[in-house]
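My notes follow in the order I took them.

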Amino acid sequence: MDRGIASLAAMPLLPMLWRARLRRLRLGSGGRTAEDAAARTLLVWREVIDTAWDHGIVPDDSLSPRKAAARIVRLGRLEGAPADSVHRVARAVEQVLYAPRPAPDTGLAEDAGRVRAGLGERAGRVESLRALLLPRSSVRVVWACSERWSAAADRVTAVHRRLLDRAAAQLRRPLRQRG
């Protein structure tokens, strides 16, 4: 009974806890290979995008990293170090996406932290609390669950269809061939 009450009380905190966990995973230590560094750069970029989204800047996936960074700086009213950090992460992403041999970039997790702090400073108290407690980017969990559910339903439907086809084929065979 007590567990149920505790679980019910924790429900409103789930979006915040999910974002905190995801942030730790994205900004954690990088790997040793160039591929690990490239993947880490893209994760940091996703964190910057989601942090901006949490503060009301809806992602626009049609923009290049450079234009997306400029948009975040403009809409987030960022200046100084946070603005520089957004552009530094965007340049690193462009290196990963477009350079034949991307140069490893260090300090990107710290840049993401500066962006988060800068957006938090520019937001009002209500917006900051909303970004913390009800992050908009947590909708990605719903999307991921929906995709997994659809994939599972598709697999079940395919198996069901194969079983029905097999049963129908057996029914169409003449009785003397069955025995």
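I count a contact when heavy atoms lie within 4.5 Å. Helices (H or I, at least four residues) and strands (E, at least two) are DSSP runs, numbered from the N terminus.

**Ground rules.** I am working on a predicted model, where local features need pLDDT of at least 70, side-chain atom pairs count only at pLDDT 80 or more, and totals for chains, interfaces and linings use all residues. Residues are numbered from 1 along each chain as its sequence is written, and side-chain values use heavy atoms, with hydrogens and water left out.

**Confidence.** I checked pLDDT, the predictor's confidence in each residue, from 0 to 100. The protein chain averages 80, and 82% of the residues score at least 70. Helix H4 (residues 65–75) has the highest confidence, with a mean of 92. Helix H9 (residues 175–178) has the lowest, at 56.

**Whole chain.** I found 9 helices and 0 strands in the protein chain. From the N terminus the elements read α-α-α-α-α-α-α-α-α. Of the contacts with a separation of 6 or more, 63% join residues 24 or more positions apart. I then looked up burial: buried means under 20% relative accessible area, exposed over 50%, partly exposed in between (1.4 Å probe, protein chains only). Of the 179 residues, 26% are buried.

**H4 against H5.** Two packed helices are described by the angle between their axes and the distance between the axes. Axes are lines fitted to C-alpha atoms, for helices over the stretch in contact, and angles run from 0 to 180 degrees between N-to-C directions. The axes of H4 and helix H5 (residues 80–98) come within 8 Å and cross at roughly 165 degrees. H4 and H5 are therefore roughly antiparallel. For the wording, angles under 35 degrees count as roughly parallel, over 145 as roughly antiparallel, 65 to 115 as roughly perpendicular and the rest as oblique. The H4 and H5 crossing is right-handed. A crossing is left-handed if the near helix is turned anticlockwise from the far one by less than a right angle, and right-handed if clockwise. From H4, I listed Pro65, Arg66, Ala69, Ala70, Ile72 and Val73; they meet Ala83, Val86, His87, Ala90, Val93, Glu94, Leu97 and Tyr98 in H5.

**The loop residue.** Arginine 77 lies in the loop between H4 and H5. Its phi is near 55 degrees, a positive value in a residue other than glycine. Arginine 77 is partly exposed, at 48% relative accessibility.

**H5 against H6.** The axes of H5 and helix H6 (residues 108–122) come within 8 Å and cross at roughly 140 degrees. The two are therefore oblique to each other. Their crossing is left-handed. H5 contributes Ala81, Pro82, Ser85, Val86, Arg88, Val89 and Ala92 to the contact, and H6 contributes Leu108, Asp111, Arg114, Val115 and Gly118.

**Valine 96.** I also looked up valine 96, in helix H5. Beyond its neighbours within four places in sequence, valine 96 is in contact with Ala38, Thr41, Leu42 and Pro102.

Is arginine 19 buried or exposed? Arginine 19 is buried, with a relative accessible area of 1%. It sits in helix H2 (residues 14–27). Leaving out residues up to four places away in sequence, arginine 19 touches Arg26, Glu47, Asp50, Thr51, Asp54, Pro135 and Ser137. Threonine 51 is in helix H3 (residues 34–54) and is buried at 4% relative accessibility. With the same exclusion, threonine 51 touches Arg19, Arg116 and Leu119.
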